[in-house]
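These are my notes on one chain. I went through the model feature by feature and wrote down what I looked up.

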Amino acid sequence: MKHCSDIDNAVKILQKGGLVVFPTETVYGLGADAKNPDAVSAIFQAKQRPAKHPFIVHIGTINEMHNWGTNIPEDTFALVRRYWPGLLTLVLKRASDVTEIISGGQDTVALRMPSGSSSFQVGSLRSSLPRIR
């Protein structure tokens with residue numbers, strides 16, 4: 001996904017509930033629109049992933065943390081300003097509208113802002129991505 005048309009195509013697929021494969025800093029990820037439970041379920045099916053294994057939600061901006069987490073400690077913002085985009089993954093108490101399918105039934109959610117150009121670009125185009133390592 002090096003060209004804008006590839007990024008645009010990936011976003012269209014995500015918006016339609018499809019899955020995309022994208023490079024990250026460490027591995028390739030299988031992504032879906034994290035707000036679409038049917039799309040997230042498709043990742044479980046494709047990877048034969050146990051339902052209790054939570055995802056990491058990729059976000060494109062620091063402000064998006066508020067869409068996923070609640071009771072975010074003030075110190076967290078200093079961390080993300082320093083280390084995002086990058087490998088830092090935050091585990092926060094999940095917001096009430098975050099479905100259990102994302103969190104593996106836990107009361108927390110994992111968030112990350114990847115620095116890989118393709119995953120960052122897709123994430124910043126309104127499609128938060130849960131991913132599988």
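**Entry 1: starting point.** In which helix is T76 found? I found T76 in helix α4. Helices here are DSSP runs of H or I with at least four residues, strands are runs of E with at least two, and both are numbered from the N terminus. T76 has 8% relative accessibility and therefore counts as buried. I use buried for under 20% relative accessible area, exposed for over 50% and partly exposed for what lies in between, with a 1.4 Å probe and protein chains only.

**Entry 2: conventions.** This is a predicted model, in which local features need pLDDT of at least 70 and side-chain atom pairs count only at pLDDT 80 or more, while totals for chains, interfaces and linings use all residues. Residues are numbered from 1 along each chain as its sequence is written, and side-chain values use heavy atoms, with hydrogens and water left out.

**Entry 3: the whole chain.** I counted six helices and seven strands. Along the sequence their order is α-β-β-α-β-α-β-α-β-α-β-α-β. Of the 133 residues in the chain, 45% are buried. For contacts (heavy atoms within 4.5 Å) with a separation of 6 or more, I noted that 60% come from residues 24 or more positions apart. The accessible surface, by the Shrake-Rupley method with a 1.4 Å probe, is about 7,100 Å². Carbon and sulfur atoms hold 51% of that surface.

**Entry 4: helix α4.** I went back to the helix of T76. The buried residues of α4 are T76, F77 and V80. Seen down the axis of α4, they fall within an arc of 100°, so they line one face of the helix. The arc is taken from the directions from the helix axis to the C-beta atoms. On the face turned away from the buried side I found E74, D75, R81 and R82, which are exposed. The cover over the buried residues of α4 includes α3 and β5. T76 itself touches M65 and L90, leaving out residues up to four places away in sequence.

**Entry 5: helix α2.** I then listed the buried residues of α2 (residues 37-47), which are A39, V40, I43 and F44. They lie on the same side of α2, because they cover an arc of only 155° around the axis. D38, Q45 and A46 are exposed on the other side. At the start of α2, I found a side-chain oxygen of N36 within 3.0 Å of the backbone nitrogen of D38.

**Entry 6: the nonpolar core.** I define a nonpolar core as a set of buried Ala, Val, Leu, Ile, Met, Phe, Trp, Tyr and Cys residues joined through side-chain atoms within 4.5 Å. How many residues does the largest nonpolar core have? It has 24 residues, and V57, I59, M65, W68, W84 and L111 have the most contacts inside it. At least two residues of this core come from each of α2, α3 (65-68), α4, β5 and β6 (108-112). The most come from α2, with four residues. In soluble globular proteins, nonpolar side chains tend to be buried together. I also looked up the contacts of W84 beyond its neighbours within four places in sequence, and these are I59, I62, M65, L79, L90, L111, R112 and M113.

**Entry 7: aromatic pairs.** I searched the whole structure for pairs of Phe, Tyr and Trp rings (the six-membered ring for Trp) with centres within 6.5 Å; planes under 30 degrees apart count as stacked, over 60 as edge-to-face and the rest as tilted. The search gave one pair. F44 and F55 are edge-to-face, at 5.0 Å centre to centre and with 65° between the planes. F44 is in helix α2 and F55 is in the loop between α2 and β3, 11 residues apart. Both F44 and F55 are buried.

**Entry 8: backbone exceptions.** Most residues other than glycine have a negative phi, and most peptide bonds are trans. The peptide bond from W84 to P85 is cis, with omega near -10°. P85 sits in the loop between α4 (74-83) and β5 (89-94). Q48, which follows α2, has a positive phi near 50°. Q48 lies in the loop between α2 and β3 (56-58), and at 72% relative accessibility Q48 counts as exposed. N71 also has a positive phi near 50°. I placed N71 in the loop between β4 (69-70) and α4, where N71 is exposed with a relative accessible area of 63%.

Terms used: A polar contact is a pair of N or O atoms within 3.5 Å; within protein, one must be able to donate a hydrogen and the other to accept it, and residues adjacent in sequence count only if both atoms are side-chain atoms.
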